[in-house]
Amino acid sequence: MSGPSAQPPTAAAFFDLDKTIIAGSSALAFSRPFRRQGLISRRAALRSGYAQLLLMLAGADADTMDLLRRRITALCTGWEVAQVRAIVAETLHEIVEPLVYAEATELIAEHQAAGEEVVVLSASGLEVVEPIAALVGADRCLATRMGVRNGRYTGDIEYYCYGEYKATAARDIAEQCGYRLADCRAYSDSITDLPLLEVVGHPTAVNPDRALRREAELRGWPVLTFADPVALRSPFRAPPATAAAAAGLGAVALVGAGLAGHRLRRRRKGS
């Protein structure tokens, strides 16, 4: 919204990124250009890919999440932040545009037309999430931030945008902007975003995993199916990745989710 007659937003619509706005994982999307630029070796890609496959097959138990965290943290430690940002910027339209759900962009436009702020909340790394959020027209985004020293990643995590931290982010934004959470909306595919969905007045499951689908049915939440990924401007489609290449991970994007997921599961076991 712009121009002198534009009114401040009256509420917020919070969107998860992976499988909600884009078809697939933002973490996996940039694995090929990262590898082409020498950030990921073939051996590292296969090792991190093995951890990712374990994560998918084992249902993300605490041990698997810890394995993934250690693999990815080791993989990206020492990378130059400027190089990562440059690779994402150079390949954004080629890699991401064909993955964006048309239904998601239409919904984003509808919320903005209704005077609502669109916020992307993602456990993926900020360097990946920020340009994607801008690409789809979101008003702002919050994402996982990695520690940086002398322009390189330290392997530490400064901020987790995952699970309960997304709910906290939504509360903070609502308080800062004067929104009533009862008027706000949230969209996600994952049960890990249950805290976010619970904190708003209008939660919606999008392409939900089995656990979230069950929860949505129990609570009477709307369930949407987004199935039409289309390029926003580019006429091409990204070629389908092979299993090994796709599993090679955009490491910066996944490290926050791996570590935060491990801590969330460990906390739940102790409760």
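# Notebook: sheet, helices and loops

**Entry 1, a loop residue.** I began with Asn150, which is found in the loop between strand S3 (140-149) and S4. Helices (H or I, at least four residues) and strands (E, at least two) are DSSP runs, numbered from the N terminus. The phi of Asn150 is positive, about 55 degrees, although Asn150 is not a glycine. I noted the background: most residues other than glycine have a negative phi, and most peptide bonds are trans. Asn150 is exposed, with a relative accessible area of 76%. For this term I use a 1.4 Å probe and protein chains only: buried is under 20% relative accessible area, exposed is over 50%, and partly exposed is in between.

The model is predicted, local features need pLDDT of at least 70, side-chain atom pairs count only at pLDDT 80 or more, and totals for chains, interfaces and linings use all residues. Residues are numbered from 1 along each chain as its sequence is written, and side-chain values use heavy atoms, with hydrogens and water left out.

I asked in which order the strands of the open sheet stand. The order is S4-S3-S2-S1-S5-S6-S7, seven strands with mixed pairing. Two strands pair if DSSP finds at least two bridges between them. The edge strands are S4 (152-159) and S7, and each pairs on one side only.

I looked up how well S1 (residues 11-15) is covered, and five of its five residues are buried. On one side these are Ala11, Ala13 and Phe15, and on the other Ala12 and Phe14. S1 runs parallel to strand S2 (residues 116-125), and five bridges join them. The bridge partner of Ala12 in S2 is Glu117. S1 also runs parallel to S5, joined by three bridges. Here Ala13 has Arg185 of S5 as its bridge partner.

The structure holds three aromatic pairs. I followed up the pair of Phe15 and Tyr187: the ring centres are 4.6 Å apart and the planes are at 20 degrees, so the pair is stacked. The rule takes rings of Phe, Tyr and Trp (its six-membered ring) as a pair if their centres lie within 6.5 Å; planes under 30 degrees apart count as stacked, over 60 as edge-to-face and the rest as tilted. Phe15 is in S1 and Tyr187 is in strand S5 (residues 185-188), so I noted the separation: the two are 172 residues apart, and the pair links distant parts of the chain. Phe15 and Tyr187 are both buried.

S5 and S6 pair in the parallel sense over four bridges. Arg185 turns up again, with His202 as its bridge partner in S6. Between S5 and S6 the chain passes through helix H9 (residues 194-199), and this β-α-β crossover is right-handed. A crossover is right-handed if, with the strands pointing away from the viewer, the path from the first strand over the helix to the second runs clockwise. How many residues of S6 (residues 202-206) are buried? Four of the five are, so S6 is largely enclosed by the rest of the structure. S6 and strand S7 (residues 223-224) pair in the parallel sense over two bridges, and Val206 has Leu224 of S7 as its bridge partner. The chain goes from S6 through helix H10 (residues 210-219) to S7 in a right-handed β-α-β crossover. In the loop between S6 and H10 I found Asn207. Asn207 is not a glycine, yet its phi is positive, about 45 degrees.

**Entry 7, helix H7.** Seven of the 10 residues of H7 (residues 126-135) are buried, so H7 is largely enclosed by the rest of the structure. The buried residues are Leu126, Glu127, Val128, Val129, Ile132, Ala133 and Leu135. After H7 comes Gly137, with a positive phi near 90 degrees. I then checked helix H5 (residues 81-95), which packs with H7 at an angle of about 30 degrees, the axes 9 Å apart. Axes are lines fitted to C-alpha atoms, for helices over the stretch in contact, and angles run from 0 to 180 degrees between N-to-C directions. H5 and H7 are therefore roughly parallel to each other. Angles under 35 degrees count as roughly parallel, over 145 as roughly antiparallel, 65 to 115 as roughly perpendicular and the rest as oblique.

Last, I looked up Asp183, in the loop between helix H8 (164-177) and S5. Asp183 counts as partly exposed, at 32% relative accessibility.
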